[in-house]
Amino acid sequence: MTAFTTRDGHVDLSIGAYVLDALDDVERAAVERHLRECAVCAVEAAELAETAARLGATETATPPAGLRELVLDAARSTPQRHSATATSRRRGPGLRRLAVAAAAIVLVAASAGATWWSQQGRIEREHARTVAAEQHNSQVRAILTAPDARIQVAPGVGTGRITAIYSPGRRAAVVSYDGLEAPGAGMTYQFWHVAAGVPTSLGALPTGRSTGSLLVDRLDATDGIAVSVEPAGGSPSPTLPAYAALTLK
Amino acid sequence: MDRWTRRGALAVATPAPGADPTPETETLAVLVRDVGRGDDARFAQLYDLVSARVYGLVLRVVRDRAHAEEVTQEIFVEVWRTASRFDPARGSASTWILTMAHRRAVDRVRSVQAATVRDRRAPLQEQPAYDAVAEEVTGHLEQQQVRHCLRGLTDVQRETITMAYYGGRTYRQVAEALDVPLPTVKTRMRDGLIRLRDCLGVTR
């Protein structure tokens, strides 16, 4: 799978908000996933994180005197991490916030509304996770660089992400999926083009595939893209409720 | 006035406020390295050196002393717990600590907001405009530099960044508060940070 890069570089739409801790948990996880894959963005994120930390250094205040002993005591009774593979866990408030965010995601998915996010003019940067089918590259590039191309992100996709970049003028979209959680033994995801309520299969993913993209054409505004969980090999019609859905505009 | 702290044959210099930050960078990195090896005397020294910055940042973000105390304690315990994983090649120890501090402070703001029944449309308690703070003439050299560089941003860049960073708000909340589209907020945050980065001379 080759990564598609525009003339200007890589995805960075969220890196500023990311280093300012201004993203929600799902968006944050998506950025972190990208940073693991993209060295250029990782460097930029590190520089901007350092910059943000400079902002932090401007605020000083003397802590209450008793805090020092509380901290030293707490450390004495806390074991240290030495494993390089250990991941830090957020305790207390962090866990509460994740639980609330997860509940919100379930509610949004149930309402079948799509997160709409449109950009004026050209898409400056989007790091399309594209399956490298050579015969599609020029078509994909045409969509991504089309002046009327818009990005839409499907809500409620757990820690993964499903994105459609749609060009109404070309009646085509690049639908990218990334980090989809395993759907269960013997199951896979299947994509559908929904026009006037009628779904047409765009294909079922090979089992175990969690990242990639597909080119969809003959699309009109108000058509939808849906994703359902099906037995390996796919089904003739989608199993409802859909795993994710978005409506093109 | 320099203060020398002795521990056996080793001494750790506490640089005067306003002094060239470079020796302190090395000092903090050494302290964190030693903390990673379980040295609780170094941990106490580290606390003494950075607690005002950590508590100050947390207090600015959470705006409540009780929460700020708790979060500051959590941060230092996390520093103690994960010090062995600090990699000086990836950035300074103060960046590492302040990044952790900011993250936890924002986590606390979000969980308090989630736990409190509150009208979403009610404005969040407003921060004083950062410019007001910037009129302070005195201050640590580093602080003056940051204020100077913030003044070099456009209003939207500065507002989005300070609302998010010091106010603990999500970019959606910032977009709503400033009545600016979501993608614009994200772009301004990024290009504002890039301008700050270049003004402050942050490179890797």
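## A tour of chains A and B

Start by showing both chains together: chain A and chain B bury about 6100 Å² between them, 58% of it on carbon and sulfur atoms. Buried area here is the accessible area (1.4 Å probe) that two parts lose on being put together, summed over both. What you have open is a predicted model, in which local features need pLDDT of at least 70 and side-chain atom pairs count only at pLDDT 80 or more, while totals for chains, interfaces and linings use all residues. Residues are numbered from 1 along each chain as its sequence is written, chains are lettered from A in the order in which they are written, and side-chain values use heavy atoms, with hydrogens and water left out.

**Stop 1: colour by confidence**

Colour by pLDDT, the predictor's confidence in each residue, from 0 to 100. Chain B has a mean of 81, with 76% of its residues at 70 or more. Select residues 1-21 of chain B, where pLDDT stays under 50, then residues 121-138 of chain B, where the value is also below 50. Chain A averages 74, and 73% of its residues score at least 70. In chain A, select residues 1-9 and residues 84-134; pLDDT stays under 50 over the former and over the latter. Where pLDDT is low, the predicted coordinates should not be read in detail. For the complex, the predictor gives an ipTM of 0.80 and a pTM of 0.56.

**Stop 2: the interface**

Now select the residues in contact (heavy atoms within 4.5 Å) across the two chains: 63 residues of chain A meet 68 residues of chain B. The rule finds 26 residue pairs in polar contact across this interface, both residues at pLDDT 80 or more. A polar contact is a pair of N or O atoms within 3.5 Å; within protein, one must be able to donate a hydrogen and the other to accept it, and residues adjacent in sequence count only if both atoms are side-chain atoms.

On the side of chain A that touches chain B, highlight α1 (15-19), α2 (25-37), α3 (39-56), α4 (67-76) and α5 (93-110), each of which supplies at least two residues. Helices are DSSP runs (H or I, at least four residues), as are strands (E, at least two), numbered from the N terminus. The largest share, 13 residues, comes from α3(A).

**Stop 3: charged pairs between the chains**

Five salt bridges cross the interface of chain A and chain B; a salt bridge is a side-chain nitrogen of Lys or Arg within 4 Å of a carboxyl oxygen of Asp or Glu. Zoom in on A:Glu59 and B:Arg60, whose closest N and O atoms are 3.1 Å apart. Next, pick A:Glu27 and B:Arg172, which form a salt bridge at 2.9 Å, N to O. A:Glu27 lies in helix α2 of chain A and B:Arg172 in helix α8 (residues 171-178) of chain B, so the pair joins two chains.

**Stop 4: a tyrosine pair**

The structure holds seven aromatic pairs over all chains. Rings of Phe, Tyr and Trp (its six-membered ring) pair if their centres lie within 6.5 Å; planes under 30 degrees apart count as stacked, over 60 as edge-to-face and the rest as tilted. Select A:Tyr189 and A:Tyr243: their ring centres are 4.8 Å apart and their planes at 50 degrees, so the pair is tilted. A:Tyr189 sits in strand β5 (residues 187-195) and A:Tyr243 in the loop between β8 (224-231) and β9 (244-247) of chain A, so the pair ties together parts 54 residues apart in sequence.

**Stop 5: two backbone details**

In the loop between β8 and β9 of chain A, find A:Pro241. A cis peptide bond joins A:Leu240 to A:Pro241, with omega about 0 degrees. Finish at A:Asp21, in the loop between α1 and α2 of chain A; A:Asp21 has a positive phi of about 60 degrees although it is not a glycine.
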